[in-house]
Amino acid sequence: MILQQLPVLNELSNAFPPRQTPVPSPGSDTQPLMGFFTDTSVCIGCKACEVACKQWNQLPSDGFNFTGHSYDNTRMLSETTWRHVAFKEKIGGEKSRWLMMSDVCKHCEDAPCQQSCPTGSIIYNEFGDVYVQPDICNGCGYCISACPFGVLGRSPEDGRAHKCTLCYDRQTDGMQPACAKSCPTASIQFGPVEELREKAKQRVETLHAQGNTQAYLYGADSLDGYGRLNSFFLLEDHPNEYNLPEAPPQPLHGQETRYALSLLTGLVLMLLSALFFSKGDNYAR
Amino acid sequence: MPGLGASFGRGAATSFQQDLANSDCILIMGSNMAEAHPVGFRWPMKAKEKGAKLIHVDPRFTRTSALCDLFVGIRAGSDIAFLGGLINYVLTNEKWFKDYVLAYTNASTIVAEGFQDTEELEGVFSGYDPQKQEYDASKGHWGYEGAGGDKPKQDQGVEGAGGAAEGGEQKSQQGSKGVHGYGLMGGASSHSTPQSESTAAPAGQPPRDPTLQDPRCAMQYLRRHYARYTPEMVTQTCGCTVEQFLEVAQLLCDNSGPERTTALVYAVGWTQHTTGVQIIRAAGILQMLLGNMGRPGGGIMAMRGHASIQGSTDVPTLYDLLPGYLPQPAADKGHEDLASYVKYEGMPTGYWANFRKFIVSLLKAWYGEAATPENDFCFSWLPRIDDDYSQLLFFNKMAKGEVKGYFLFGQNPGGGGPNARLHRAGLRNLDWLVVADWFETESAVFWKNDPTAPPSSEIKTEVFFIPAASATAKEGSFTNTQRLLQWHDKAVDPEGDCRSDLWFVYNLGKRIKQLYADSTDPKDDPIKHLTWDYDHDEPPRLPDGSLSRIEGEPNASKVLQEINGYNLKEIDSRTGKPKLLSGFSECKEDGSTACGCWIYSGVFPEPDRNRARERKITDNPVQPEWGFAWPHNRRMMYNRASADPQGRPWSERKKYIWWDEEKKKWVGNDEPDFEPDKPPSYRPAPDCKGMDAISGAEPFIMKPDGRAWLFAPGGTKDGPFPAHYEAGESPVRNLLYPKYQASPTTRYFEGPLNPIAHTPESEYPIVATTFRLTEHYLSGPMSRFNSWLNELQPEMFAELSPELAEERGIEHGGWMTISSPRGSIEARAMVTRRIKPLTIDGRIVHQIGLPFHWAFAGETVGGNANDLTSLTADPNVSMHEGKAFVCEVRPGRTGTPAQPTKKVAPWPTREDSPDTPKSAQPEGHLK
């Protein structure tokens, strides 16, 4: 875009939220990017990941609400729910299905939450994962509206934003995240993202060879202009069936144009009001 | 599991869960494995990843169904019709594995003259006594043709390792007085120390017709018995379509044979029926015909319903068994002294010729130096049983006020017992009750929180609640569903006054011994002389090296060492104590050895080697150095059948155990379940006895004829072949045997507390089945007090079809009431297409599913599915029928909802985790 050619405007648009940062790079040359591969084709919906996450991170229960939405009584990710198993009953037709998927923060390569954070609380840590530093968070909530997946939530208790840390504390001790550790069928796999992507692609090929042609990867490659996800999924149906956006909006794209437009609007308004007031002056006189 | 015992010789899962990954096809039926055994379900998923076909046959479309390639919905209680149909399909389409069936099963054996099948007698076998509602197997000629046409003796040990024992339910006895039941070989056996003496088979081998043309051979009976189980009959009885049934049949047949194997997985969905044993028998017959037994990726995987249920049958909590499947002496038999007990219960033939060694070693373990050859090793001190004290009958007695006191450890009959109302009525009639548990379960608060009970002032039971230690705060071993002993260490001391069950029992025993220490009454001798010495030699320490705070905690390793056994005549120089036995073959009958449970012997062979604690991962896919499996660390039973009669693998792909001609022994990754050096060419001489009577090509060594039993001449009390009967309560008439609606041997305990709907068509037209959710555990005593689990499944619900909901005016998510003859409960309605109305015999039959996790104690409370189930017992193991009964549903609530007994704690607390620096506090802590 032409506007991007103007360094002043670019600087201006980047001066205050939203900012743009380079694609994350791991802390050192030897440390690969770490992430999740969630293979929904073997998920049995046991919710062990939800419980393991809450136990390890000492997150409270969200209350006892029977929702009637299949076996999903969690409903969504939030400040106190960092893993959520979604259920979708598709009974009838040629083969009845019951889709299950363990949802989690996507740890985007191009994370809107990180870009929108005014305090610098949200960072990419040395494992390349998107991490909220609670002691720096000021509770503005920009990240919550920026996330196209609805991952973050703000705690009414401390007013700050919280989400999956990809078990930063466990990783620093050389352990895998609690959810991956507890998954009985290896639906949740943890490891260097590049390796996981390779593995996932092979898995899709195997499934296709076995006749399951619906299987595909979500977020292993960029999603219609949205950067890759370091926590990506193997799905067997349209993303909407899992409550995932087909093309996640990246709120920061096109930001320059919006800045320019608002600048223009301001100028026009200024002009109009100047005209109005000048007339008024005439009237008073 | 007499179903497996009667078919193959031992009543335990024939294989191990990891082996399911080697299957080409897995039929899961009577099990919701993904939800009830999610960790084990890893292995079917591994198989699926490799391309195996997974089939689920079930009344409900569950999370298991979602992961399977094929789901077939059937009516609860119609399993034998479905399996019988499969058997008929395999036979009529000649898909059976001929070499395997001819060599390894009794297909060719001639059945005694006089035996009559259900086809001839319109629904019963010969030998039925309508007065007693029992079979007399000898009058019915359920046996082989032979010398005198005798059937092999029932006591020969064909029964299984006790009851199906699921879901915390007690197993029970075979006979009315208990002791008849548990076939000795239900437990283990060994043939690695071959014994002389004959098996109990009639002299020589029974007559056979290898051409299978003789109308009285087992195969011909089998064909006639299942001839009417056609695909159309299956459809009419089970409610599935012909196409679905044929697809299952086709998949099983395509994936069985020399190159491929199919495994079968079942759990309490099969056992909790009045025909449960026969359902499992039908599965056994199917697997025999397809040649899948004793082979990698094959077998029948029985999934236990509770942690260490296998262990509690091996070192039993059963009233009619001593450890290692030795029968408890009875008051009404020739059990006056050791000699007659051994004569009556032991066997002159087969491995049970060692019977005396095991009972003497057990008595030495229990009574120590007091047990001498002169006093019959104190045999007279063992309590005698005089009646049926299985759980169902015991609580029936309790409800009538015939029981004074009761101890409950880790069991919740007030919430999870079949017809839990009757169980609670029993508890209300006690004088005293001790409950040792983590939480105040229904069985602990029945006197104050049960909305259906009379006021507390009218209940006289004094309840003592003992806080119990959790698994992390005590050490010990588990025996899992595949007979694997795994030790767990103690990580921390239990909190506050919580103590391990072992602590409680040990210290109670010590106090009782102290109480009787000065007694001179001979009747108190068993207490005075009981060996009771499990104190730690040094003060016990925690893993971090600090001293344990708990006083009086016994040393669990010493208990396992006593179970393993000692040679009392040899002193180990390292310990200065009697030397540990290396295996049960070292047991002696002269009192020079002590052994607490002979089948476990070998688990602790050296003072510093607890094999249950070993966790070594090796290149061997069987992983023989992870834990210890009884007997003799064999992971797959009957594995001689993985080789052909000549001892060669059936195929390279399905290689497991084979005969090595150079080494002159059986080799492979697993321990051979066969005499290690008996060549395949070995043939017994006509008068051979004991193990010598088993040829080198007969893998089912626990059977007197060395073969798996298509026709079961003994081992079950309800017939040599499985026949389809309706459940004790069913809205459908029996299409196959119209004269006999339910199994003619079912026992009903009818009374005001336990009414039964025998003809329920109008009043209770709906079939109900209970089920389990991953999110909760059994009746909820461990899960409904945990808010992390409660939030995942917070309320009792019932699954029903949209069609039924519309008929009755029930709204999704709204309240509904479910009524059975035993009472009514309320639940939220989960209207889902996962439940389908079935067309049975030309009319629509509705089913509903009820999770059995809720009752009236805990953070979340709700209607108890087991308040609706009945006290009905199958004839073999007194198993109840929780998986198929009748009910009616209507919209609305019952009016007496329970209130939570535990306040929901804002859990976890917001306090910092102790002993943890600020920087290492959990990420979710908000402080």
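User: What does B:Cys887 touch, leaving out residues up to four places away in sequence?

Analyst: B:Cys887 touches B:Tyr764, B:Ile766, B:Ala768, B:Ile818, B:Ser819, B:Ser820, B:Ile848 and B:Leu868 on that count. Keep in mind that this is a predicted model.

User: Thanks! Which residues touch the most other members of the largest nonpolar core?

Analyst: B:Cys887 is one of them, along with B:Ile26, B:Ile87, B:Tyr266 and B:Ala798, in a core of 252 residues. Helix H12 of chain B, residues 276-289, gives the most to this core, with 9 residues. Domain 1 and domain 3 of chain B each supply at least three residues to this core. Apart from it there is another core of 46 residues, including B:Leu318, B:Val342, B:Phe379 and B:Leu484.

User: Where do the domains of chain B run?

Analyst: The assignment gives domain 1 as 2-143 + 208-306, domain 2 as 310-381 and domain 3 as 747-891. Between the C-alpha centres of domains 1 and 2 of chain B there are 35 Å.

User: And chain B overall, how many helices and strands?

Analyst: Chain B has 24 helices and 30 strands. Its radius of gyration is 27 Å, close to the 30 Å from the globule rule for 927 residues, so chain B is as compact as a globular protein of that length. The C-alpha atoms fill a box of roughly 75 × 75 × 60 Å along the principal axes, and 60% of the residues of chain B count as buried. Among contacts in chain B with a separation of 6 or more, 73% join residues 24 or more positions apart.

User: Let's zoom in on H8 of chain B. Which residues there are buried?

Analyst: In H8 (residues 218-226), the buried ones are B:Ala218, B:Met219, B:Tyr221, B:Leu222, B:His225 and B:Tyr226. Looking down the axis of H8(B), they fall within an arc of 160°, so they line one face of the helix.

User: What covers them?

Analyst: Helix H5 (79-92) and helix H7 (118-121) of chain B are among the elements covering the buried residues of H8(B).

User: Switching to the interface: how many residues does the contact take from each chain?

Analyst: The contact takes 40 residues from chain A and 41 residues from chain B. On the side of chain A, the elements giving two or more residues are helix H3 (48-57), strand E3 (97-104) and helix H6 (168-172). H3(A) gives the largest share, 7 residues. By type, the side of chain A that touches chain B has 15 nonpolar, 16 polar and 9 charged residues.

User: Is B:Lys836 buried or exposed?

Analyst: B:Lys836 is buried, because it has 21 other C-beta atoms within 10 Å. B:Lys836 sits in the loop between strands E25 (823-831) and E26 (838-840) of chain B. Leaving out residues up to four places away in sequence, B:Lys836 touches B:Gly73 and B:Ser801.

User: What about phi of B:Tyr325 and B:Asn419?

Analyst: Phi is positive in both: near 65° for B:Tyr325 and about 50° for B:Asn419. Most residues other than glycine have a negative phi. B:Tyr325 lies in the loop between strands E8 (321-322) and E9 (326-327) of chain B, while B:Asn419 lies in the loop between helices H17 (413-416) and H18 (420-428) of chain B. B:Tyr325 counts as buried with 30 C-beta neighbours inside 10 Å, and B:Asn419 counts as buried with 28.

Definitions and conventions:
Residues are numbered from 1 along each chain as its sequence is written. Chains are lettered from A and ligands numbered from 1 in the order in which they are written. This is a predicted model: local features need pLDDT of at least 70, side-chain atom pairs count only at pLDDT 80 or more; totals for chains, interfaces and linings use all residues. A nonpolar core is a set of buried Ala, Val, Leu, Ile, Met, Phe, Trp, Tyr and Cys residues joined through C-beta atoms within 7 Å. A residue is buried if 20 or more other C-beta atoms lie within 10 Å of its own, exposed if 12 or fewer, and partly exposed in between; C-beta atoms are placed from the backbone. Helices (H or I, at least four residues) and strands (E, at least two) are DSSP runs, numbered from the N terminus. Domain bounds come from an automatic or database domain assignment. Two residues are in contact if their C-beta atoms, placed from the backbone, lie within 7 Å. The arc is that of the directions from the helix axis to the C-beta atoms. Ala, Val, Leu, Ile, Met, Phe, Trp, Tyr, Cys and Pro count as nonpolar, Asp, Glu, Lys and Arg as charged, and the others, Gly among them, as polar. The radius of gyration is taken over C-alpha atoms; the globule rule is 2.2 Å times the number of residues to the power 0.38.
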